[in-house]
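Here's a quick briefing to read with the model open beside you. Let's start with how the chain contacts itself, then work down to single residues.

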Amino acid sequence: MNGYRTDKTVAQAVRAEVTPKTKADRAIGEWICLWAGETERCAKQHSMRTNFILIFTFHFLATLSPLSTASDWDRMKDIQPHGYVCSKAAGPIQIDGDLRERSWQAAPWTSYFADIEGVNKTKPRFRTRAKMTWDDQYFYIAAELEEPHVNATLTQHDSVIFQDNDFEVFIDPNGDNHEYYEIEINALNTEWDLFLKKPYKDGGKALDSWEIPGLKTAVRIQGTLNDPRDIDKGWSVEIAIPWKVMAEHAHRSTPPKEGDQWRVNFSRVEWLYEISEGKYRKVPDKKEDNWVWSPQGIIDMHRPEKWGYVQFTSSAAGKVRFKADPSASVRDVLHEIYHAQREFHEKQKQWAASLKILGLSDFAKQKLISPPAIEITPEGFKATAEIKLPVGTTQRWHITQDSHIWTK
Ligand SMILES: [Ca+2]
Ligand SMILES: [Ca+2]
Ligand SMILES: [Ca+2]
Ligand SMILES: [Ca+2]
C-alpha cells in the first residue's frame, strides 16, 4: 500500500467518520477512498464510526476534520484496562502453532475476549484468549481462537488482513499514544505488520512498509481450513517479535526491565459467513465483530490509552503481582481535557485556553496537586496536570492536541 492520499483532510475524514452500513454505502465509500488516493486503508472500517449517509455531502468532504468527541470519552472513561504479568519463558519456544511447550504451560491465559465496546455488549459467539511470555531475544504471544469454520483467503504479506477473520496485536511500548506497532495475522499465517506514528483520529497514517525482520509466526488449525463440510474446533497463533525491532520506537529498554509496563491489546475480527456452493462467502451487509482482550469502549482499536497493561518480570509465572498504574487517574484527566478540546475545536475552530471555557472543573477526586493548566501553542494546545504518587514524589503529565501524552 503506497497510495497515500492526495487530499489528507478528506481521507482522514473518511477514515475517521465513515462506517459504511450497506453495500451501497460501501461502494460510495470505496469511491471516495479512490478519489482521495487511498484505497486499502479505507477498508479499515473497524477503526471507523458514526453515520455515513448523514455526513456524505461535498460540503462535508471539503470542510471536515477528524472527530474525537467528548461523547467518545463518555463511553471510554469507565473502562479499566486489563493487566497481565508477563513472566520470562521457562524454556525454549518453537514457533509452530503448538502451544504445549513448558513455557506456554506456565504462562497464564488472559481472560476471554469481550466485545470491543465493553462487557455489557453481546458476548462473543466464540471464545478467544491469549498468553504472553518473553526471553532475551523475543516477546512471545500465543492465542487460541475457537472457530467452527476456520477460513482465510489472503496470502500476500501486508494485505489488509482483517478482511479475513484475523488475530491482531497492538503494542505501544511507552504508553504515550504515539509510535505504536500493529500485527495482524489470518489462518493462512499471512501477516500484516505496520507502524503508526500516531492514531488515525490524530492524523496518523499506517506505515505498511514498516517490517519486523526476524518476526516468527505460525498458526495451527484444529480442523480443516476453508472446508465447510465439517465443524472445526478453532485455530491457534504463536508469534515471536524480536526486541531488536521493538526497540526502534520504544523509547524504553528492550527487553523491558523488571516491572516495566507496556500498553498492549489484542483484537479478533470475525465476519459472518454463509456457505455457498461449498465455499465460504461473507454475508452481505453485515458488519464484522471485534472481540478484544481489553475493551476499548468504542469501536476503534486506535485508542492506545485503553489498551491493556503488560508488566514484565524475570520471575517465574505466578510469583509477581500486577501493579496498577499509579498515574492512571492523571492520564484520564488529561484525556478528558483532550476530548473536550477536540469537541470545542470542532465547533469553535479554536482551542480553549481554560478549563472553564471547556466546562470542566471538577477534578477533585483525582487528587491532583492543583487544577490542570492549559497552554495554547503554535500547534494547538498543551494541557498539564500534576499528581502525587503513593511513594510521595510528584509527577507532571502533559497531553497535546494530537493525544500525545507523556511525563518527563
Ligand atoms: Ca510452539
Ligand atoms: Ca509510543
Ligand atoms: Ca509491513
Ligand atoms: Ca473446516
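Among contacts between residues at least 6 apart in sequence, 65% join residues at least 24 apart. Keep in mind that this is a predicted model. The protein has 408 residues, and 43% of them count as buried. Its secondary structure comes to nine helices and 19 strands.

**Confidence**
- Mean pLDDT for the protein is 86, with 83% of residues reaching 70 or more.
- Residues 1-66 are another story: pLDDT stays under 50 there. The model has 96 contacts beyond four places in sequence for that stretch.

- Look for an open sheet of four strands in the order 3-4-10-9, paired antiparallel.
- Its edges are strand 3 (128-134) and strand 9 (216-222), each of which pairs on one side only.
- From one strand to the next, the twist averages 10°.
- How many bridges join strand 4 to strand 10? There are nine, and the two strands run antiparallel, with strand 10 covering residues 234-242.
- Tyr138 sits opposite Pro242 of strand 10.

**Nonpolar cores**
- The largest nonpolar core has 65 residues. The members that touch the most others are Met132, Tyr140, Ile141, Ala143, Ile239, Ile241 and Val310.
- Strand 4 gives this core its largest share, seven residues.
- There's also a second, separate core of 18 residues, with Ile337, Trp351, Trp397 and Ile399 among them.
- Leaving out residues up to four places away in sequence, Val310 touches Tyr84, Cys86, Met132, Gln261, Trp262 and Val264.

**Ala152, a loop residue**
- Where is Ala152? Find it in the loop between strand 4 (138-146) and strand 5 (166-172).
- Is Ala152 buried or exposed? Ala152 counts as buried because 22 other C-beta atoms lie within 10 Å, and the cut-off for buried is 20 or more.
- Setting aside neighbours within four places in sequence, Ala152 is in contact with Asp164, Asn165, Asn186, Ala187, Leu188 and Leu225.
- Take Asn165 from that list: Asn165 is 13 residues from Ala152 along the chain, yet their C-alpha atoms are separated by 6.8 Å.

Notes
Residues are numbered from 1 along each chain as its sequence is written. Chains are lettered from A and ligands numbered from 1 in the order in which they are written. This is a predicted model: local features need pLDDT of at least 70, side-chain atom pairs count only at pLDDT 80 or more; totals for chains, interfaces and linings use all residues. A residue is buried if 20 or more other C-beta atoms lie within 10 Å of its own, exposed if 12 or fewer, and partly exposed in between; C-beta atoms are placed from the backbone. Two residues are in contact if their C-beta atoms, placed from the backbone, lie within 7 Å. Two strands pair if DSSP finds at least two bridges between them. Axes are lines fitted to C-alpha atoms, for helices over the stretch in contact, and angles run from 0 to 180 degrees between N-to-C directions. A nonpolar core is a set of buried Ala, Val, Leu, Ile, Met, Phe, Trp, Tyr and Cys residues joined through C-beta atoms within 7 Å. pLDDT is the predictor's confidence in each residue, from 0 to 100.
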